[in-house]
Amino acid sequence: MRKIHLLLIVLLSGLCLACQTDPAKARLERVLTASWQSYCRHFIKSDGQVIIPEEGGGTISEAQAYALLRAVWANDATVFNRIYAWTYKNLSRGRAHGDRLLAWRWGRLPDGAWGVLDANSATDGDLDYALALVLAHRLGWRAPPGLPDYIEEARRVQADILAKEVVALPGGDLLLTPGNWHEPAPPYLVNPSYFSPAAYHLFASISGENERQSAAGPVGTVPSPPRQAGIEAGNTTSRWVRLRGDTYKLLGQLTQGLGSQAGVGLFPDWCRVDAAGRLTPAPGKDTRFGWEAVRLPFRVALDGLWFGEPGAARLLKDKFLPFFKGRWQAHGRLLAVYNFDGSPAVDYESPVLYAGVLAGALAAGDRDFAHQMSLKILSFYHEDGDRAYFESPSHYYANNWAWLGLALYAGWVELPK
(Lines give C-alpha, C1' and ligand atoms only; values in the text may rest on other atoms or scores of the structure.)
Protein backbone atom coordinates (compact mmCIF):
# COMPACT_ATOMS: atom_id res chain seq x y z
CA MET A 1 0.00 0.00 0.00
CA ARG A 2 2.87 2.33 0.88
CA LYS A 3 4.49 1.64 -2.52
CA ILE A 4 1.25 2.54 -4.30
CA HIS A 5 1.04 5.75 -2.28
CA LEU A 6 4.62 6.72 -3.22
CA LEU A 7 3.94 5.90 -6.86
CA LEU A 8 0.90 8.19 -6.86
CA ILE A 9 2.97 11.03 -5.37
CA VAL A 10 5.60 10.63 -8.11
CA LEU A 11 2.97 10.55 -10.84
CA LEU A 12 1.17 13.61 -9.48
CA SER A 13 4.48 15.47 -9.15
CA GLY A 14 5.21 14.69 -12.78
CA LEU A 15 1.81 16.00 -13.82
CA CYS A 16 2.39 19.23 -11.88
CA LEU A 17 5.75 19.70 -13.56
CA ALA A 18 4.17 19.10 -16.95
CA CYS A 19 1.63 21.83 -16.21
CA GLN A 20 4.35 24.38 -15.54
CA THR A 21 5.45 26.85 -18.20
CA ASP A 22 8.34 25.74 -20.37
CA PRO A 23 11.38 27.36 -18.69
CA ALA A 24 12.93 28.22 -22.07
CA LYS A 25 9.74 29.94 -23.20
CA ALA A 26 9.43 31.75 -19.87
CA ARG A 27 13.00 33.06 -20.19
CA LEU A 28 12.42 34.13 -23.78
CA GLU A 29 9.32 36.12 -22.88
CA ARG A 30 11.09 37.71 -19.92
CA VAL A 31 13.96 38.79 -22.20
CA LEU A 32 11.56 40.21 -24.77
CA THR A 33 9.61 42.15 -22.14
CA ALA A 34 12.69 43.45 -20.32
CA SER A 35 14.50 44.50 -23.49
CA TRP A 36 11.42 46.28 -24.86
CA GLN A 37 10.95 48.19 -21.62
CA SER A 38 14.64 49.09 -21.61
CA TYR A 39 14.43 50.25 -25.24
CA CYS A 40 11.47 52.46 -24.33
CA ARG A 41 13.44 54.02 -21.46
CA HIS A 42 16.69 54.62 -23.29
CA PHE A 43 15.84 54.95 -27.00
CA ILE A 44 12.35 56.50 -27.05
CA LYS A 45 11.81 60.01 -25.69
CA SER A 46 8.66 60.92 -23.78
CA ASP A 47 7.31 62.69 -26.88
CA GLY A 48 7.73 59.57 -29.08
CA GLN A 49 10.95 60.36 -30.92
CA VAL A 50 13.42 57.49 -31.22
CA ILE A 51 16.97 58.50 -30.29
CA ILE A 52 19.76 57.02 -32.43
CA PRO A 53 23.18 57.59 -30.84
CA GLU A 54 25.03 57.52 -34.17
CA GLU A 55 22.63 60.17 -35.49
CA GLY A 56 23.65 62.54 -32.70
CA GLY A 57 20.32 62.10 -30.97
CA GLY A 58 18.33 62.47 -34.18
CA THR A 59 16.26 59.80 -35.87
CA ILE A 60 15.28 58.33 -39.24
CA SER A 61 11.95 57.08 -40.55
CA GLU A 62 13.15 53.47 -40.30
CA ALA A 63 13.71 53.86 -36.56
CA GLN A 64 10.26 55.33 -35.94
CA ALA A 65 8.66 52.51 -37.95
CA TYR A 66 10.61 49.78 -36.13
CA ALA A 67 9.46 51.20 -32.81
CA LEU A 68 5.85 51.22 -34.00
CA LEU A 69 6.04 47.58 -35.10
CA ARG A 70 7.67 46.56 -31.86
CA ALA A 71 5.01 48.40 -29.86
CA VAL A 72 2.30 46.47 -31.72
CA TRP A 73 3.94 43.12 -31.10
CA ALA A 74 4.70 44.02 -27.47
CA ASN A 75 1.01 45.02 -27.13
CA ASP A 76 1.98 48.49 -25.93
CA ALA A 77 -0.71 50.86 -27.22
CA THR A 78 0.41 53.77 -25.03
CA VAL A 79 3.93 53.85 -26.47
CA PHE A 80 2.55 53.27 -29.98
CA ASN A 81 0.37 56.38 -29.69
CA ARG A 82 3.32 58.52 -28.59
CA ILE A 83 5.53 57.33 -31.45
CA TYR A 84 2.76 57.80 -34.01
CA ALA A 85 1.99 61.33 -32.79
CA TRP A 86 5.64 62.41 -33.04
CA THR A 87 6.19 60.69 -36.39
CA TYR A 88 3.08 62.19 -37.98
CA LYS A 89 3.78 65.70 -36.70
CA ASN A 90 7.49 65.77 -37.52
CA LEU A 91 8.16 63.41 -40.44
CA SER A 92 4.96 63.27 -42.51
CA ARG A 93 5.56 65.10 -45.80
CA GLY A 94 1.89 66.04 -46.17
CA ARG A 95 2.12 69.72 -45.30
CA ALA A 96 5.34 70.50 -47.18
CA HIS A 97 5.24 68.06 -50.10
CA GLY A 98 1.63 66.97 -50.54
CA ASP A 99 2.08 63.24 -49.85
CA ARG A 100 2.00 61.08 -46.72
CA LEU A 101 5.43 59.50 -47.12
CA LEU A 102 7.90 60.13 -44.31
CA ALA A 103 10.91 62.40 -44.47
CA TRP A 104 13.94 60.17 -44.06
CA ARG A 105 16.15 62.04 -41.59
CA TRP A 106 15.49 64.35 -38.65
CA GLY A 107 18.10 65.97 -36.39
CA ARG A 108 19.92 69.11 -35.39
CA LEU A 109 19.94 71.82 -38.07
CA PRO A 110 22.91 74.16 -38.72
CA ASP A 111 21.28 76.89 -36.63
CA GLY A 112 21.00 74.55 -33.64
CA ALA A 113 17.27 73.95 -33.96
CA TRP A 114 15.84 70.46 -34.55
CA GLY A 115 14.00 69.53 -37.72
CA VAL A 116 14.03 67.62 -41.00
CA LEU A 117 17.54 67.22 -42.40
CA ASP A 118 16.52 65.24 -45.49
CA ALA A 119 12.93 65.43 -46.74
CA ASN A 120 13.31 62.61 -49.27
CA SER A 121 11.64 59.33 -48.37
CA ALA A 122 13.05 55.89 -47.59
CA THR A 123 10.69 53.22 -48.85
CA ASP A 124 11.39 50.67 -46.12
CA GLY A 125 10.40 53.20 -43.46
CA ASP A 126 7.21 54.03 -45.36
CA LEU A 127 6.25 50.38 -45.79
CA ASP A 128 6.89 49.50 -42.14
CA TYR A 129 5.04 52.65 -41.02
CA ALA A 130 1.97 51.75 -43.07
CA LEU A 131 2.15 48.13 -41.91
CA ALA A 132 2.30 49.16 -38.25
CA LEU A 133 -0.73 51.44 -38.69
CA VAL A 134 -2.75 48.62 -40.25
CA LEU A 135 -1.82 46.23 -37.43
CA ALA A 136 -2.77 48.81 -34.78
CA HIS A 137 -6.12 49.32 -36.49
CA ARG A 138 -6.75 45.56 -36.49
CA LEU A 139 -6.10 45.50 -32.76
CA GLY A 140 -8.80 48.12 -32.31
CA TRP A 141 -6.39 50.83 -31.13
CA ARG A 142 -7.43 54.46 -31.54
CA ALA A 143 -5.22 57.31 -32.73
CA PRO A 144 -4.56 60.21 -30.32
CA PRO A 145 -7.11 63.05 -30.52
CA GLY A 146 -6.58 65.39 -33.43
CA LEU A 147 -4.59 62.90 -35.51
CA PRO A 148 -5.78 60.82 -38.50
CA ASP A 149 -7.28 57.43 -37.77
CA TYR A 150 -4.71 54.67 -38.18
CA ILE A 151 -6.36 52.93 -41.13
CA GLU A 152 -7.07 56.21 -42.93
CA GLU A 153 -3.44 57.29 -42.65
CA ALA A 154 -2.25 53.81 -43.66
CA ARG A 155 -4.32 53.98 -46.86
CA ARG A 156 -2.90 57.37 -47.75
CA VAL A 157 0.68 56.19 -47.19
CA GLN A 158 0.06 53.04 -49.23
CA ALA A 159 -1.33 55.05 -52.13
CA ASP A 160 1.70 57.35 -52.08
CA ILE A 161 4.11 54.40 -52.02
CA LEU A 162 2.53 53.13 -55.22
CA ALA A 163 2.49 56.60 -56.74
CA LYS A 164 6.01 57.75 -55.88
CA GLU A 165 8.14 54.75 -54.89
CA VAL A 166 7.05 52.05 -57.36
CA VAL A 167 7.99 52.11 -61.06
CA ALA A 168 7.11 49.97 -64.06
CA LEU A 169 9.82 48.48 -66.24
CA PRO A 170 9.26 48.60 -70.02
CA GLY A 171 8.27 44.93 -69.96
CA GLY A 172 5.53 45.65 -67.42
CA ASP A 173 7.07 44.32 -64.21
CA LEU A 174 6.60 46.53 -61.17
CA LEU A 175 9.63 47.41 -59.08
CA LEU A 176 9.97 48.92 -55.61
CA THR A 177 12.57 51.70 -55.55
CA PRO A 178 14.44 53.00 -52.48
CA GLY A 179 12.49 56.26 -52.29
CA ASN A 180 10.75 59.13 -54.08
CA TRP A 181 14.20 60.21 -55.33
CA HIS A 182 14.58 57.24 -57.70
CA GLU A 183 15.94 57.61 -61.24
CA PRO A 184 13.48 58.90 -63.86
CA ALA A 185 14.22 55.93 -66.16
CA PRO A 186 16.09 52.57 -66.08
CA PRO A 187 18.50 51.45 -64.84
CA TYR A 188 17.04 51.76 -61.37
CA LEU A 189 18.91 51.47 -58.08
CA VAL A 190 17.31 48.81 -55.86
CA ASN A 191 17.65 47.76 -52.23
CA PRO A 192 16.20 44.24 -52.01
CA SER A 193 15.97 44.41 -48.21
CA TYR A 194 13.18 46.97 -48.62
CA PHE A 195 10.96 44.40 -50.37
CA SER A 196 8.05 43.47 -48.09
CA PRO A 197 5.76 40.94 -49.81
CA ALA A 198 3.69 40.28 -46.68
CA ALA A 199 2.89 44.00 -46.47
CA TYR A 200 1.94 44.00 -50.17
CA HIS A 201 -0.46 41.11 -49.52
CA LEU A 202 -2.06 42.90 -46.58
CA PHE A 203 -2.28 46.22 -48.43
CA ALA A 204 -3.95 44.48 -51.37
CA SER A 205 -6.67 43.14 -49.09
CA ILE A 206 -7.19 46.57 -47.53
CA SER A 207 -7.32 48.22 -50.95
CA GLY A 208 -9.90 45.66 -52.02
CA GLU A 209 -12.07 46.51 -49.04
CA ASN A 210 -11.70 50.22 -49.73
CA GLU A 211 -12.52 49.83 -53.42
CA ARG A 212 -15.64 47.79 -52.62
CA GLN A 213 -16.74 50.50 -50.19
CA SER A 214 -16.06 53.19 -52.81
CA ALA A 215 -18.14 51.30 -55.37
CA ALA A 216 -20.98 51.33 -52.85
CA GLY A 217 -20.66 55.11 -52.53
CA PRO A 218 -19.60 55.73 -48.91
CA VAL A 219 -18.91 59.22 -47.65
CA GLY A 220 -15.37 60.31 -46.79
CA THR A 221 -13.24 57.88 -48.76
CA VAL A 222 -9.59 58.85 -49.21
CA PRO A 223 -8.63 59.58 -52.84
CA SER A 224 -5.39 58.16 -54.17
CA PRO A 225 -2.76 60.56 -55.51
CA PRO A 226 -1.80 60.46 -59.20
CA ARG A 227 0.01 57.27 -60.22
CA GLN A 228 3.69 57.23 -61.04
CA ALA A 229 4.12 57.51 -64.79
CA GLY A 230 4.49 54.15 -66.48
CA ILE A 231 2.11 52.20 -64.26
CA GLU A 232 -0.96 51.45 -66.28
CA ALA A 233 -4.46 52.15 -65.13
CA GLY A 234 -5.88 49.57 -62.78
CA ASN A 235 -7.10 49.34 -59.25
CA THR A 236 -4.77 49.59 -56.29
CA THR A 237 -5.39 45.98 -55.29
CA SER A 238 -4.10 44.60 -58.58
CA ARG A 239 -0.97 46.72 -58.39
CA TRP A 240 -0.07 45.38 -54.93
CA VAL A 241 -0.71 41.83 -56.16
CA ARG A 242 1.45 42.40 -59.22
CA LEU A 243 4.24 43.98 -57.18
CA ARG A 244 4.26 40.95 -54.88
CA GLY A 245 4.55 38.50 -57.78
CA ASP A 246 7.20 40.54 -59.59
CA THR A 247 9.19 40.79 -56.36
CA TYR A 248 9.46 37.01 -56.02
CA LYS A 249 10.50 36.78 -59.64
CA LEU A 250 13.32 39.27 -59.08
CA LEU A 251 14.46 37.62 -55.83
CA GLY A 252 14.61 34.25 -57.57
CA GLN A 253 16.89 35.76 -60.18
CA LEU A 254 19.10 37.31 -57.50
CA THR A 255 19.75 33.98 -55.80
CA GLN A 256 21.18 32.71 -59.11
CA GLY A 257 23.53 35.59 -59.80
CA LEU A 258 24.26 39.28 -60.08
CA GLY A 259 25.86 40.41 -63.32
CA SER A 260 28.79 38.04 -63.89
CA GLN A 261 28.82 36.87 -60.25
CA ALA A 262 27.30 33.44 -59.62
CA GLY A 263 24.85 33.26 -56.73
CA VAL A 264 24.83 30.92 -53.75
CA GLY A 265 21.38 31.83 -52.41
CA LEU A 266 22.29 35.20 -50.89
CA PHE A 267 20.99 38.68 -51.67
CA PRO A 268 23.01 41.88 -52.15
CA ASP A 269 22.61 45.01 -50.07
CA TRP A 270 22.15 46.97 -53.31
CA CYS A 271 21.89 46.24 -57.02
CA ARG A 272 20.67 47.79 -60.25
CA VAL A 273 17.85 46.72 -62.57
CA ASP A 274 18.00 47.72 -66.23
CA ALA A 275 15.15 48.19 -68.71
CA ALA A 276 15.16 44.49 -69.61
CA GLY A 277 15.01 43.43 -65.97
CA ARG A 278 18.66 42.36 -65.85
CA LEU A 279 20.37 42.58 -62.46
CA THR A 280 23.85 44.02 -62.10
CA PRO A 281 25.99 45.49 -59.30
CA ALA A 282 25.26 49.15 -58.61
CA PRO A 283 28.34 51.37 -59.00
CA GLY A 284 29.57 52.61 -55.64
CA LYS A 285 27.13 50.42 -53.68
CA ASP A 286 27.76 47.36 -51.54
CA THR A 287 26.83 44.00 -53.08
CA ARG A 288 27.56 41.94 -49.97
CA PHE A 289 24.94 40.11 -47.93
CA GLY A 290 25.43 42.68 -45.24
CA TRP A 291 23.68 45.01 -42.83
CA GLU A 292 20.97 45.88 -45.35
CA ALA A 293 20.25 42.51 -46.98
CA VAL A 294 20.11 40.64 -43.68
CA ARG A 295 16.60 42.08 -43.13
CA LEU A 296 15.11 40.52 -46.24
CA PRO A 297 14.63 36.95 -44.89
CA PHE A 298 12.49 38.34 -42.06
CA ARG A 299 10.27 40.27 -44.47
CA VAL A 300 9.89 37.29 -46.80
CA ALA A 301 9.30 34.91 -43.89
CA LEU A 302 6.26 36.93 -42.77
CA ASP A 303 4.61 36.25 -46.13
CA GLY A 304 5.07 32.52 -45.61
CA LEU A 305 4.08 32.47 -41.95
CA TRP A 306 1.12 34.85 -42.18
CA PHE A 307 -0.31 33.98 -45.58
CA GLY A 308 1.14 30.56 -46.43
CA GLU A 309 2.79 31.98 -49.56
CA PRO A 310 4.56 28.98 -51.19
CA GLY A 311 6.99 31.28 -53.01
CA ALA A 312 8.34 32.48 -49.65
CA ALA A 313 8.94 28.95 -48.37
CA ARG A 314 10.59 27.88 -51.63
CA LEU A 315 12.87 30.90 -51.76
CA LEU A 316 14.02 30.49 -48.17
CA LYS A 317 14.11 26.69 -47.94
CA ASP A 318 15.62 25.89 -51.34
CA LYS A 319 17.85 28.91 -51.97
CA PHE A 320 18.68 30.88 -48.83
CA LEU A 321 18.78 28.41 -45.95
CA PRO A 322 21.09 25.72 -47.40
CA PHE A 323 23.99 28.17 -47.46
CA PHE A 324 23.69 29.01 -43.77
CA LYS A 325 22.98 25.49 -42.62
CA GLY A 326 26.12 24.39 -44.43
CA ARG A 327 28.22 27.09 -42.75
CA TRP A 328 26.69 26.30 -39.36
CA GLN A 329 27.41 22.59 -39.66
CA ALA A 330 30.96 23.25 -40.84
CA HIS A 331 31.94 25.98 -38.37
CA GLY A 332 29.40 26.08 -35.53
CA ARG A 333 28.88 29.81 -36.04
CA LEU A 334 27.78 32.30 -38.67
CA LEU A 335 29.52 35.54 -39.50
CA ALA A 336 27.86 38.95 -39.58
CA VAL A 337 28.55 39.66 -43.27
CA TYR A 338 29.23 37.49 -46.33
CA ASN A 339 30.26 38.43 -49.83
CA PHE A 340 27.72 37.72 -52.56
CA ASP A 341 29.71 34.63 -53.60
CA GLY A 342 29.47 33.23 -50.05
CA SER A 343 33.01 33.97 -48.90
CA PRO A 344 33.38 35.53 -45.43
CA ALA A 345 33.55 39.33 -45.41
CA VAL A 346 34.26 39.74 -41.68
CA ASP A 347 35.40 37.55 -38.79
CA TYR A 348 32.81 38.31 -36.13
CA GLU A 349 29.22 37.38 -35.33
CA SER A 350 26.13 39.55 -34.93
CA PRO A 351 22.65 38.89 -33.53
CA VAL A 352 21.28 40.72 -36.58
CA LEU A 353 22.47 37.96 -38.92
CA TYR A 354 21.17 35.25 -36.60
CA ALA A 355 17.76 36.97 -36.52
CA GLY A 356 17.52 36.89 -40.32
CA VAL A 357 18.52 33.23 -40.51
CA LEU A 358 16.10 32.36 -37.68
CA ALA A 359 13.23 33.92 -39.65
CA GLY A 360 14.21 31.99 -42.76
CA ALA A 361 14.34 28.73 -40.81
CA LEU A 362 10.88 29.28 -39.31
CA ALA A 363 9.31 29.98 -42.71
CA ALA A 364 11.07 26.93 -44.15
CA GLY A 365 9.59 24.76 -41.39
CA ASP A 366 12.96 24.04 -39.76
CA ARG A 367 12.07 24.70 -36.12
CA ASP A 368 15.19 22.88 -34.92
CA PHE A 369 17.56 25.22 -36.74
CA ALA A 370 15.45 28.21 -35.70
CA HIS A 371 15.85 27.11 -32.07
CA GLN A 372 19.63 27.03 -32.43
CA MET A 373 19.55 30.52 -33.92
CA SER A 374 17.42 31.77 -31.01
CA LEU A 375 20.01 30.49 -28.55
CA LYS A 376 22.72 32.35 -30.43
CA ILE A 377 20.73 35.59 -30.26
CA LEU A 378 20.19 35.06 -26.53
CA SER A 379 23.94 34.70 -26.09
CA PHE A 380 24.22 38.41 -27.03
CA TYR A 381 21.72 39.45 -24.34
CA HIS A 382 22.87 41.38 -21.26
CA GLU A 383 21.34 43.08 -18.25
CA ASP A 384 23.12 45.89 -16.44
CA GLY A 385 21.16 47.90 -13.90
CA ASP A 386 18.03 49.16 -15.62
CA ARG A 387 19.39 48.31 -19.05
CA ALA A 388 18.48 45.12 -20.90
CA TYR A 389 20.06 44.95 -24.33
CA PHE A 390 21.61 42.90 -27.13
CA GLU A 391 25.31 43.19 -27.97
CA SER A 392 25.73 46.81 -26.83
CA PRO A 393 23.46 49.18 -24.89
CA SER A 394 23.87 51.88 -27.57
CA HIS A 395 23.62 49.63 -30.66
CA TYR A 396 20.26 50.74 -32.05
CA TYR A 397 20.23 48.34 -35.02
CA ALA A 398 21.23 45.19 -33.12
CA ASN A 399 18.73 45.91 -30.36
CA ASN A 400 15.92 46.16 -32.89
CA TRP A 401 16.68 43.14 -35.05
CA ALA A 402 17.69 40.79 -32.24
CA TRP A 403 14.36 41.58 -30.59
CA LEU A 404 12.38 41.11 -33.80
CA GLY A 405 14.01 37.73 -34.44
CA LEU A 406 13.26 36.46 -30.94
CA ALA A 407 9.74 37.91 -31.02
CA LEU A 408 9.06 36.02 -34.25
CA TYR A 409 10.35 32.80 -32.68
CA ALA A 410 8.23 33.37 -29.55
CA GLY A 411 5.04 33.87 -31.59
CA TRP A 412 4.69 37.57 -30.78
CA VAL A 413 4.93 38.71 -34.41
CA GLU A 414 1.32 37.98 -35.24
CA LEU A 415 -1.15 39.28 -37.81
CA PRO A 416 -4.23 40.47 -35.85
CA LYS A 417 -7.50 39.24 -37.33
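A nonpolar core is defined here as a set of buried Ala, Val, Leu, Ile, Met, Phe, Trp, Tyr and Cys residues joined through side-chain atoms within 4.5 Å, where buried denotes under 20% relative accessible area, exposed over 50%, and partly exposed the range in between (1.4 Å probe, protein chains only). The structure is a predicted model, in which local features need pLDDT of at least 70 and side-chain atom pairs count only at pLDDT 80 or more, whereas totals for chains, interfaces and linings use all residues. Residues are numbered from 1 along each chain as its sequence is written, and side-chain values use heavy atoms, with hydrogens and water left out.

The protein contains 14 helices and twelve strands, assigned as DSSP runs (helices H or I, at least four residues; strands E, at least two) and numbered from the N terminus. Of its 417 residues, 55% count as buried. Among contacts (heavy atoms within 4.5 Å) with a separation of 6 or more, 64% link residues 24 or more positions apart.

The largest nonpolar core comprises 142 residues, and F80, Y84 and F324 have the most contacts inside it. Helix α14 (residues 396-410) supplies the largest share of this core, twelve residues. When neighbours within four places in sequence are set aside, F80 contacts L68, A71, V72, A132, L133, A136, W141 and Y150.

F80 also takes part in the packing of helix α4 against helix α6, where F80, Y84, T87 and Y88 of α4 meet Y129, A132, L133 and A136 of α6. The axes of α4 (residues 77-91) and α6 (residues 123-138) come within 12 Å and cross at roughly 140°; axes are lines fitted to C-alpha atoms, for helices over the stretch in contact, and angles run from 0 to 180 degrees between N-to-C directions. The arrangement of α4 relative to α6 is therefore oblique, a class left after roughly parallel (under 35 degrees), roughly antiparallel (over 145) and roughly perpendicular (65 to 115) are assigned.

Helix α3 (residues 61-73) has 13 residues and spans 19 Å from its first C-alpha to its last, close to the 18 Å expected, the expected span being 1.5 Å times one less than the number of residues. In α3, 13 of 13 residues are buried. N75, which follows α3, has a positive phi, near 60°.

T287 lies in the loop between β10 (279-280) and α10 (296-307). T287 counts as buried because its relative accessibility is 18%. Excluding residues up to four places away in sequence, T287 touches L258, Q261, P268, D269, W270, P281 and F340.
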